[in-house]
Amino acid sequence: MICTCIFCGKEFEKNAKGRTPLACYDPECRLKLAEKQAEDDRMRKRKYRARVRKARKMSLSEIADLANKAGMTYGQFVAAMEGGTHEEADGSCGRTAKGC
Ligand SMILES: [Zn+2]
């Protein structure tokens, strides 16, 4: 399968199974890809944390309502919210998500 590098536009043969790579195997492009992914990851985390912060500001009845819509009990919903925070922690900073 031929893929096009998003950085240099070069066409390259996909040499591994699984996900289609975004960048060619040029070391420079791999580095840019890693930076881009790190940036995407930060963006995702920022959005996620903004969502959690927003959720934390909601009143109990609002959360209960959301939980109800999600087909969960209030407790399950809060646990999922808190659990999600935990999953977001990749441990790279050596702290929990809450500590970051
Ligand atoms: Zn490239």
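In which loop does G9 lie?

Analyst: G9 sits in the loop between β1 (2-4) and β2 (11-13); strands here are DSSP runs of E with at least two residues, helices are runs of H or I with at least four, and both are numbered from the N terminus. This is a predicted model, in which local features need pLDDT of at least 70, side-chain atom pairs count only at pLDDT 80 or more, and totals for chains, interfaces and linings use all residues. Residues are numbered from 1 along each chain as its sequence is written.

G9 counts as exposed because it has 8 C-beta neighbours inside 10 Å. The cut-offs are 20 or more other C-beta atoms within 10 Å for buried, 12 or fewer for exposed, and partly exposed in between, with C-beta atoms placed from the backbone. From the C-alpha of G9 to that of A23, 14 residues away along the chain, the separation is 8.5 Å.

Helix α1 covers residues 27-57 and includes R56. The number of buried residues among the 31 of α1 is 0, so the helix lies largely in the open. R56 itself is exposed, because 9 C-beta neighbours fall inside 10 Å. Its C-alpha is 9.6 Å from that of V78, 22 residues apart along the chain.

As for confidence, the protein has a mean pLDDT (the predictor's confidence in each residue, from 0 to 100) of 82, and 82% of its residues reach 70 or more. Over residues 86-95 pLDDT stays under 50. Where pLDDT is low, the predicted coordinates should not be read in detail.

Key
Contact = placed C-beta atoms within 7 Å.
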